[in-house]
Every structure is written in C-alpha cells, then in structure tokens.
Amino acid sequence: MTWGDNMAAISVIIPAYNAAKTIQATAESVLNQSFKDLELIIINDGSTDNTVEVISSLSDDRIRLFSYPNAGPQKSRNRGVEQATGDYLAFLDADDLWTTDKLESQWTALQENPDCAVAYSWTDFIDEFGNKLPGGQHFGFKNQVYEQLLLGDFIGSGSNPLIRKDALLAVGPFDESLLGGQDWEMWIRLASQYPFALVPKTQVFYRQSIGSWSANLERQERGYKQVIDKCLATAPERIQQRRKEIIGNRYKFLTFDALAYGINQKQSLMAARFLWTALKHQPIFLKNKVIWIVLVKIILGLLLPSQAARTVLSQIKRLNPQKVS
C-alpha cells in the first residue's frame, strides 16, 4: 500500500505499552478482519519489553508502527489519529480482541445510517488466558443516546466503536488531563452531537487482568468524578438534575469492578465503600436483588478467608447461577 496515494478506508489505532504478551493476537484480530481496506497504526508508547520486536515480526504492509516516549494511552490515541489516513477510526487496546466481522458489520451499519457518527457492538469479558468470563455489555441503545451514556458507559471500552473521523475531529481529541474515564467522556461528547448505530451481537472481547487492579480502580474513581463534573457543566438543566442518579450508577459499576477478580478483604473493603456511595445517591438500588447478592459477596470477603469465601459463594451460585457472577 502506498501511503498518500492509496488511503485506507478504516484506520485502526492500537496504543501499546509493554504489550509483548498480547499484541500479536490483538494485531492479528485486526489483520484477519473480513473488511480488508484498513491500516493498522500501532503507537509504541515507550515500551521497555520486546513489544516492538513482536510487532516487527508480523508480515503485513498494512501495519504502521510509530514509537514515542511513554505518555499514556490517551496521548497515544491522539497521536494515532494524527497519523490516520482513513475516513473511519477504530481504537483497540493492546490486549483486547475482535471477531473477524467486527469492522465490516460496523462499517455497514454506518453506511445504512448516514446520520450516525458512531457504530458500536456488544462486548464480552475474557480473562488473561482468553477464557470467557461471566458478564458483558449487551445493551440496545441507539440513535440519540446522550442521556443514556451519561447514566452509564454502555459502550464498555475503548476497543468497541467505529467512528467517522470528521465527527471525532469536530468534537476534539481524547482529554489527556483526565485521570480515568477518558473513553466514556469521548463517547459522551460524540453522543451530544451525533446519533449512534448499534450492531446487536458480540464482536469485542475485553480482557480483564488482575494486575494493579486496586490502584487502577482508585485512579478510575478520581477520573470518573472529573468526567461527571466536566460533562454536567455543559449539560442541559434537566440532565444536571440527574447528578445523583449518574453518580449512583457509576459507583454501582465500580462496586462490580472491585469484585471482578474474586473476593478478599482488600477488594471487599473497596467494594463496600463504592456500594455505600452508590446507595447514598441511589437508595432505590436496595430493591435490586443483584445488589443484595453483591452485599453478600462483600460480607463474605470481609469475614472469611479468601478460599472459604469462594467456597460459600460457589455453593450459592449453584443454587442460583443466573444471579451471581
């Protein structure tokens, strides 16, 4: 492919920092797409492992590799946008995966809905070994989704949507000043200006890794507060009046995240704090049976050793497998 003369239709951007263990599988899930008219822009964000060597071993002239000093994933995404030649943009974390029809389905959705600037699909969770985990993001929101996105990030991750490049350029780059929730804030900005299209099937596999989970969640919490303050500052009055609902929903999902990798005392203490904040803002959550099951998980994690808590929880799950994750 001759850059400048033969532009790709879709630019896929992967920020990569010390991603040697997963980058090959992630890149191959792009290169194996049924939609072939793409370029894969990999931003090496100051990796100190052999990420570059792994990428260089891949033989495909659609790959474009750029290396910079470490600056974080949002700066890397913005750098990727600057290099992109395509009219459509897709972002992919260096450890996530796509189904082979992901880009084709989303591109078709945008052709069929020319007023939409974003197409997204459903997401399932996988562990560090690629095994499917319980849960996922399977929502049916489409068209005008601004208010729904403020209430909760149903897109699920930065690895999901296909975006018209001119729309992203119109709303501005990823906000590098935010400590967390940068994806969510970008989707909210896009939704405030454009409709979204939905591909109602699982096409994204989001990898949940146990590494640095607590530090990451604390940073995410601070980032989410920044996002809520920033977005509500310019939101219509009727949406600003839903601040408590928005905060409650965000902390409810932080509670789920805190328990995502099992239960021990440290995780349970953090989950308890998140749940208390969620209930302060949204007492109605107490009517939800899932919240009571989460509360049981937290109590088990606080009172019992990790193995004993997991044993009790597995027994509960066998009795009611649809309610415990």
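Under the criterion of a side-chain nitrogen of Lys or Arg within 4 Å of a carboxyl oxygen of Asp or Glu, the count comes to 14 salt bridges. The structure is a predicted model, in which local features need pLDDT of at least 70 and side-chain atom pairs count only at pLDDT 80 or more, while totals for chains, interfaces and linings use all residues. Residues are numbered from 1 along each chain as its sequence is written, and side-chain values use heavy atoms, with hydrogens and water left out. Side chains of opposite charge can pair when their charged atoms come close.

One of these salt bridges joins the side chains of Arg 64 and Glu 39, with an N to O distance of 2.9 Å. The pair links distant parts of the chain, 25 residues apart, with Arg 64 in strand β3 (residues 63-68) and Glu 39 in strand β2 (residues 38-45). Helices (H or I, at least four residues) and strands (E, at least two) are DSSP runs, numbered from the N terminus. Arg 64 has a relative accessibility of 14% and therefore counts as buried, the classes being buried for under 20% relative accessible area, exposed for over 50% and partly exposed in between (1.4 Å probe, protein chains only). Glu 39 is also buried, at a relative accessible area of 0%.

A salt bridge is also formed by Arg 77 and Asp 93, whose closest N and O atoms are 3.0 Å apart. This pair again links distant parts of the chain: Arg 77 belongs to helix α3 (residues 73-83), and Asp 93, 16 residues apart from it, to the loop between β4 (88-91) and β5 (97-98). Arg 77 is buried, with a relative accessible area of 2%.

In the salt bridge between Arg 243 and Asp 229, the N to O distance is 3.1 Å. The two residues are 14 residues apart and link distant parts of the chain, Arg 243 being in helix α10 (residues 243-258) and Asp 229 in helix α8. Arg 243 is partly exposed, with a relative accessible area of 33%, and Asp 229 counts as partly exposed at 44% relative accessibility.

Pockets were located on a 1 Å grid over the protein atoms alone, as open sets of points where a 1.4 Å probe fits, with protein on both sides within 12 Å along at least five of seven lines; lining residues have an atom within 4 Å of a point. The lining of the second largest pocket consists of Tyr 146, Glu 185, Ile 188, Arg 189, Ser 192, Gln 193, Lys 230, Cys 231, Thr 234, Ala 235 and Pro 236. The elements giving two or more residues to this lining are α7 (182-191) and α8 (213-233), and the largest share, three residues, comes from α7. By residue class, the lining divides into five nonpolar, three polar and three charged residues; Ala, Val, Leu, Ile, Met, Phe, Trp, Tyr, Cys and Pro count as nonpolar, Asp, Glu, Lys and Arg as charged, and the others, Gly among them, as polar.

Ile 299 lies in helix α12 (residues 289-303) and is partly exposed at 40% relative accessibility.

Most residues other than glycine have a negative phi. Asn 18, however, has a positive phi near 45°; this residue is in the loop between β1 and α1 (23-31) and is partly exposed at 31% relative accessibility. For Asn 143, phi is positive at about 65°. Asn 143 lies in the loop between β7 (132-137) and α5 (146-151) and is partly exposed, with a relative accessible area of 37%.
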